[in-house]
Amino acid sequence: MELMLKPGKDLLREVKKTFKDGGFRALRKKYGWKMFAIIISYYLVRDVTLYILIPYFVIKSF
């Protein structure tokens, strides 16, 4: 069964329910590597923005 990942509140609710019911194993079985790629990408972009880009522009403005 091909599962299409479309962002939205329904997907987040479903992911949270799956995680509560079965943990990371259930997430991996249901969504596969795509879910982990999305999570890693999100945190990578967030951390680069918070810890590299914002301080760079703050220091550059002085």
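The model is predicted: local features need pLDDT of at least 70, side-chain atom pairs count only at pLDDT 80 or more, and totals for chains, interfaces and linings use all residues. Residues are numbered from 1 along each chain as its sequence is written, and side-chain values use heavy atoms, with hydrogens and water left out.

The protein has two helices and zero strands; both kinds of element are DSSP runs numbered from the N terminus, helices being H or I of at least four residues and strands E of at least two. Its accessible surface is about 5900 Å², and carbon and sulfur atoms hold 67% of that. Areas come from the Shrake-Rupley method with a 1.4 Å probe, and for residues only the protein chains shown count as cover. Of the 62 residues, 11% count as buried, where buried means under 20% relative accessible area, exposed over 50%, and partly exposed in between (1.4 Å probe, protein chains only).

In soluble globular proteins, nonpolar side chains tend to be buried together. Here the largest nonpolar core consists of five residues, Leu11, Val15, Leu27, Tyr31 and Met35. Helix H1 (residues 9-31) supplies the largest share of this core, four residues. A nonpolar core is a set of buried Ala, Val, Leu, Ile, Met, Phe, Trp, Tyr and Cys residues joined through side-chain atoms within 4.5 Å. Threonine 18 also lies in helix H1 and is buried, because its relative accessible area is 10%. Beyond its neighbours within four places in sequence, threonine 18 is in contact (heavy atoms within 4.5 Å) with Gly23, Ala26, Leu27, Lys30 and Tyr31.

The whole structure contains four aromatic pairs. Rings of Phe, Tyr and Trp (its six-membered ring) pair if their centres lie within 6.5 Å; planes under 30 degrees apart count as stacked, over 60 as edge-to-face and the rest as tilted. One of the pairs, phenylalanine 24 with phenylalanine 36, is tilted, at 6.4 Å centre to centre and 35° between the planes. Phenylalanine 24 is in helix H1 and phenylalanine 36 in helix H2, so this pair ties together parts 12 residues apart in sequence. Phenylalanine 24 is exposed at 54% relative accessibility, whereas phenylalanine 36 is partly exposed at 26%. The pair of tyrosine 56 and phenylalanine 57 is edge-to-face, because the ring centres are 5.3 Å apart and the planes stand at 65°. Phe19, Phe24 and Phe36 make up one aromatic cluster.

There are four salt bridges, each a side-chain nitrogen of Lys or Arg within 4 Å of a carboxyl oxygen of Asp or Glu. Among them, aspartate 10 and arginine 13 have their closest N and O atoms 3.3 Å apart; both residues lie in helix H1, three residues apart, about one turn of the helix, and both are exposed. Aspartate 21 bridges to lysine 17 at 3.0 Å, again within helix H1 but four residues apart. Arginine 46 and aspartate 47 meet at 3.1 Å, N to O.

A nonpolar surface patch is formed by Leu44, Val48, Leu50, Tyr51, Ile52, Leu53, Ile54, Tyr56, Phe57, Val58 and Phe62, with about 1200 Å² of accessible area together. Patches are made of residues with over 30% relative accessible area and no salt bridge, like charges being joined within 9 Å and nonpolar side chains (Val, Leu, Ile, Met, Phe, Trp, Tyr) within 5 Å. Leucine 50 sits in helix H2 (residues 33-61) and is partly exposed, with a relative accessible area of 41%.
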